[in-house]
Amino acid sequence: MTYSHENMVIVAPPLIITEAQLREEMVKLDEVLGEVDAQYCTTKGESTLS
């Protein structure tokens, strides 16, 4: 389970989860954050959000 609140992303996996399931979800989260970086950040690593 992931939640967002203001400028935070909270990752709260269920208490019963396998390592493989956790790794799969972390790959998905990494892909999403990569898309956000590509959309909103410059090549210098500076955020365009103000």
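This is a predicted model: local features need pLDDT of at least 70, side-chain atom pairs count only at pLDDT 80 or more; totals for chains, interfaces and linings use all residues.
Select K28 first. At 39% relative accessibility, K28 counts as partly exposed. Residues are numbered from 1 along each chain as its sequence is written, and side-chain values use heavy atoms, with hydrogens and water left out.

**Stop 1**

A salt bridge here means a side-chain nitrogen of Lys or Arg within 4 Å of a carboxyl oxygen of Asp or Glu. Side chains of opposite charge can pair when their charged atoms come close. Why are K28 and E24 separated by about one helical turn? Because they are 4 residues apart in helix 1. Helices (H or I, at least four residues) and strands (E, at least two) are DSSP runs, numbered from the N terminus. E24 counts as partly exposed, because its relative accessibility is 44%.

E25 is partly exposed, with a relative accessible area of 39%. Salt bridges that share partners join E24, E25 and K28 into one network.

**Stop 2: R23 and E19**

Select R23 and E19. Their closest N and O atoms are 2.8 Å apart, and they form a salt bridge. R23 and E19 are 4 residues apart in helix 1 (residues 19-40), so about one helical turn separates them. By the salt-bridge rule, the count comes to 3.

**Stop 3: a nonpolar patch**

Select V9, V11, I17, L22 and M26. They form a nonpolar patch on the surface, with about 370 Å² of accessible area together. Patches are made of residues with over 30% relative accessible area and no salt bridge; like charges are joined within 9 Å, and nonpolar side chains (Val, Leu, Ile, Met, Phe, Trp, Tyr) within 5 Å. Accessible areas come from the Shrake-Rupley method with a 1.4 Å probe; for residues, only the protein chains shown count as cover. Strand 2 (8-11) and helix 1 are the elements that give two or more residues to the patch. Click M26, which sits in helix 1. M26 is partly exposed, with a relative accessible area of 39%.

**Stop 4: the largest pocket**

Select the lining: M1, T2, V11, A12, P13, P14, I17, L22, E25, M26, K28 and L29. The largest pocket has a volume of about 170 Å³. On a 1 Å grid over the protein atoms alone, a pocket is an open set of points where a 1.4 Å probe fits, with protein on both sides within 12 Å along at least five of seven lines; lining residues have an atom within 4 Å of a point. Grid points are joined across faces, edges and corners, and a volume is the space filled by probe spheres set on the points.

Which element gives the largest share of the lining? Helix 1 does, with 5 residues.

M1 lies in the segment before strand 1 (2-5). At 62% relative accessibility, M1 counts as exposed.

**Stop 5: the whole chain**

Zoom out. The chain has 1 helix and 2 strands, in the pattern β-β-α along the sequence. Buried residues make up 2% of the 50 residues.

Conventions. Buried means under 20% relative accessible area, exposed over 50%, partly exposed in between (1.4 Å probe, protein chains only).
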